[in-house]
Amino acid sequence: MKSTSLSLIAGAVALAAVTGFAAITVPGDDGAAEAGGSSRLPVERSSLLCPAPGLSDLAETAYTSFTPPADGDGEAGTAELKSPAADKKKDKSKSEDKSKSKDKDKSKDKAAGSDKPVVALKEPGKPVTADVSGSDAPALVGTATGRLAPGWSAQQTTTVEAGDGRGVLGVSCTAPDTDFWFPAASTAKTREDYVNLTNPDDTAAVADIELYGPDGTLKSDVGEGITVPAGSGVRVLISTLTSKAADDVTVHVTTRTGRVGAVVRTADSKTGSDWLTASAAPAGTLVLPGIPADATSVRLVAFAPGEDDADLTVRLLGKTGPFAPVGNEDLHVKSRMTAGVDLKNLTRGEAGSLLLTPTQKDRATPVVAALRVVRGKGDKQEVGYIPATGPVGAQATVADNRSKGSTLSLTAPGAAGTVKVTASAGSKAGTPVSKTYKVAAGTTLAVTPPVPSGLKGTYALTVQTQSGGPVHAARTLALPQDGIPMFTVQTLSDDGGTVEVPAAEQDLSVLDD
C-alpha cells in the first residue's frame with residue numbers, strides 16, 4: 001500500500017485548523033517535496049473578512065478584490081466576498097444614549113439582500129471592484145479557492161466627505177483569528193472608537209475585550225463574554241466598557257470560542273476617522289513603515305503585555321539612514337501600561353519608518369505598537385494609523401490604487417534588500433508594469449509606484465522580495481477633499497500565498513495484510 005506522510009498531513013491540518021486562513025493539498029508520489037529537503041506549495045483556500053464600513057449616511061465605499069498571477073496549472077476556483085447574513089438591524093450603539101448607560105454598546109451588522117456576492121473575482125491578475133453607498137453597507141466575508149486562493153487580497157476604502165466621521169477610511173480585509181492587539185485606540189471624550197468583530201463561521205463566537213490605559217487595566221465586566229452570532233458582526237463602542245477617559249488605550253481582543261475578524265474604527269472630532277488594524281504579534285523589535293513626509297503630528301503608542309517592563313531605542317529610518325528623534329531617543333514601557341509619546345518634527349519633510357529595538361540586546365521584552373499620524377493643520381487635519389507590521393516576505397499585495405495618490409514606502413531595517421514591484425492590470429483596462437527597487441540598509445525609500453500602461457479603473461501593487469532584506473512596506477493613498485489632505489495607510493506583510501512543507505522521507509505507513 002502507498003505510504004502516507006503524516007508529518008505533511010499534520011502540517012496542513014494544523015495550518016487550516018489554527019489559522020483558518022489557508023489549506024494545502026498533500027502531494028502524492030509525484031509531489032513537489034523531495035527527500036531530504038522541503039518545498040513551497042501554493043495554498044488552495046484562503047479566507048478574508050471586511051468590517052462594516054461605518055455609521056455615516058454619507059459614506060461611499062469601494063471594494064477591490066485581487067489575486068496575483070502565478071505559474072502553474074490548477075483548479076480555476078472562486079473568490080467571493082458576500083454579506084454574512086441576509087438580515088440587518090439598525091445600529092443601536094449611537095452615541096446619543098451614552099449618558100444613560102455604560103453597558104456594552106453593540107450593534108448587529110447582518111447584511112441586507114440575497115446571497116449574491118458583492119465582489120466576485122474571475123481570474124488572477126485582474127482586480128474586480130464594487131461600490132456601496134450609505135451606512136447600511138454590511139460586513140463582508142469571503143473564501144477563495146483554487147488558483148484564486150494564493151495571495152488573495154481585498155481592500156475596503158470608504159470616503160466620508162463631512163461630519164465628525166469624515167475622512168478616508170482604508171483597510172485591507174483580514175483573515176479570521178483568535179488574538180488581536182490594538183495600541184493607539186482611545187476612550188477620550190473627543191474620540192468615538194468602535195471595535196468591529198465579524199464572525200465568518202456557522203457557529204457563534206465568544207470574545208473578550210480588555211482595555212489598558214497609562215496606569216494599567218481599565219477594569220470592565222461588560223467587555224467579557226461578548227457573543228458574535230454566526231455569520232454576523234458586532235460593533236462595540238469601547239468608551240462604554242469603562243468609566244475612565246484616556247487618550248492612549250491598548251485594546252486586546254481574544255476569543256474563548258470560535259474565530260473573528262477584528263479591527264477598530266476610530267473617529268475624532270478634529271482629525272476625522274480611519275481604521276486601526278492590529279499590530280504585529282508582540283516582539284522585541286518592531287517596524288512601523290510609511291510615515292508620510294508631510295506629517296504634522298506623529299504619536300507613538302506602545303504596550304508591553306508581559307510581566308517585564310520594556311526599554312526601547314527609537315529610531316527613524318529616513319532617506320539617507322537612521323537617526324534618533326530629538327528628546328525621544330528612548331522609550332520606557334511599563335508592564336501592562338500603555339505608553340504614548342509625541343514625536344515632534346519627526347519626518348523633517350522626508351518620508352520615513354519607525355524602528356523600535358530593545359535598548360539592551362540581551363533583554364528583548366515583547367511589545368506591540370502603532371502610530372497615530374496627522375496631516376494638515378487647523379480645521380483641515382486628517383488622521384491615519386500605522387501599526388507595527390511584518391516584512392513583505394516572499395510576496396505582499398495591496399489593492400485599490402488610483403492613477404494618482406499612491407505612495408509606496410519601502411524600508412530595510414537591517415540588511416539592504418531588493419524588491420520587485422508589479423502594478424497589475426487595471427480593473428477596466430491597462431497592461432501590467434513591473435519595476436525593481438533597491439533599498440539601502442537602515443533607510444526608507446518612498447516612491448510613486450508604477451502605473452499600468454493605459455490604466456482605466458484601479459489596480460493592485462504586488463511587492464516581491466528578490467534578495468537581501470527583510471524589507472517592510474506600506475502604501476499611502478491620498479484622496480484630498482475640500483482642502484483636507486485625506487489619506488489612509490495600509491501596511492503590507494507576507495500574504496501567505498505559499499507554505500513550506502517538509503519532505504516525506506520519514507513516512508509512517510499503514511500496510512494491508
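Reader: Why is Asp342 called partly exposed?

Author: Asp342 has a relative accessibility of 36%. Buried means under 20% relative accessible area and exposed means over 50%, with partly exposed in between (1.4 Å probe, protein chains only). The value for Asp342, 36%, therefore counts as partly exposed. Please note that this is a predicted model, in which local features need pLDDT of at least 70 and side-chain atom pairs count only at pLDDT 80 or more, while totals for chains, interfaces and linings use all residues. Residues are numbered from 1 along each chain as its sequence is written, and side-chain values use heavy atoms, with hydrogens and water left out.

Reader: Why are Arg191 and Asp193 called buried?

Author: Arg191 has 7% relative accessibility and so counts as buried. Asp193, at 1%, also counts as buried. Their side chains meet in a salt bridge, with N to O at 2.7 Å.

Reader: What makes Arg372 and Asp268 a salt bridge?

Author: Their closest N and O atoms are 3.8 Å apart, so the pair meets the rule. Arg372 in strand E28 (residues 368-375) and Asp268 in strand E19 are distant parts of the chain, 104 residues apart. Both Arg372 and Asp268 are buried.

**The disulfide**

Reader: How do you know that a disulfide joins Cys50 to Cys173?

Author: A disulfide is a pair of cysteine sulfur atoms within 2.5 Å. The S to S distance of Cys50 and Cys173 is 2.0 Å, so the pair qualifies. The rule gives a count of one disulfide. The link spans distant parts of the chain, since by the DSSP assignment Cys50 is in strand E3 (residues 45-50) and Cys173 in the loop between E11 and E12, 123 residues apart. Cys50 and Cys173 are each buried.

Reader: Why is the disulfide called right-handed?

Author: The torsion about the S-S bond of Cys50 and Cys173 is about 105°, and the disulfide is therefore right-handed.

Reader: What makes a space a cavity, and what makes it a pocket?

Author: On a 1 Å grid over the protein atoms alone, a cavity is a set of points where a 1.4 Å probe fits but cannot get out, whereas a pocket is an open set with protein on both sides within 12 Å along at least five of seven lines. Lining residues have an atom within 4 Å of a point. Grid points are joined across faces, edges and corners, and a volume is the space filled by probe spheres set on the points. The largest pocket has a volume of about 1,200 Å³. Its lining has 45 residues, and the closest to its centre are Cys173, Thr174, Ala175, Ser493 and Asp494. Among the elements that give two or more residues to this lining are strand E11 (167-172), strand E12 (179-185) and strand E20 (272-276).

Reader: How many cavities of 30 Å³ or more are there, and where is the largest cavity?

Author: There are two cavities of 30 Å³ or more. The largest holds about 60 Å³ of space, and its lining includes Cys50 and Cys173. E19 gives the most to that lining, with three residues. The second largest cavity holds about 30 Å³, and Pro53, Thr158 and Arg265 are among the residues that line it.

Reader: What makes E19 and E20 a pair?

Author: Two strands pair if DSSP finds at least two bridges between them. Strand E19 (residues 261-268) and E20 have five bridges, in the antiparallel sense, so they pair. A hairpin of three residues joins E19 to E20, and five of the five residues of E20 are buried.

Definitions and conventions: Helices (H or I, at least four residues) and strands (E, at least two) are DSSP runs, numbered from the N terminus. A salt bridge is a side-chain nitrogen of Lys or Arg within 4 Å of a carboxyl oxygen of Asp or Glu.
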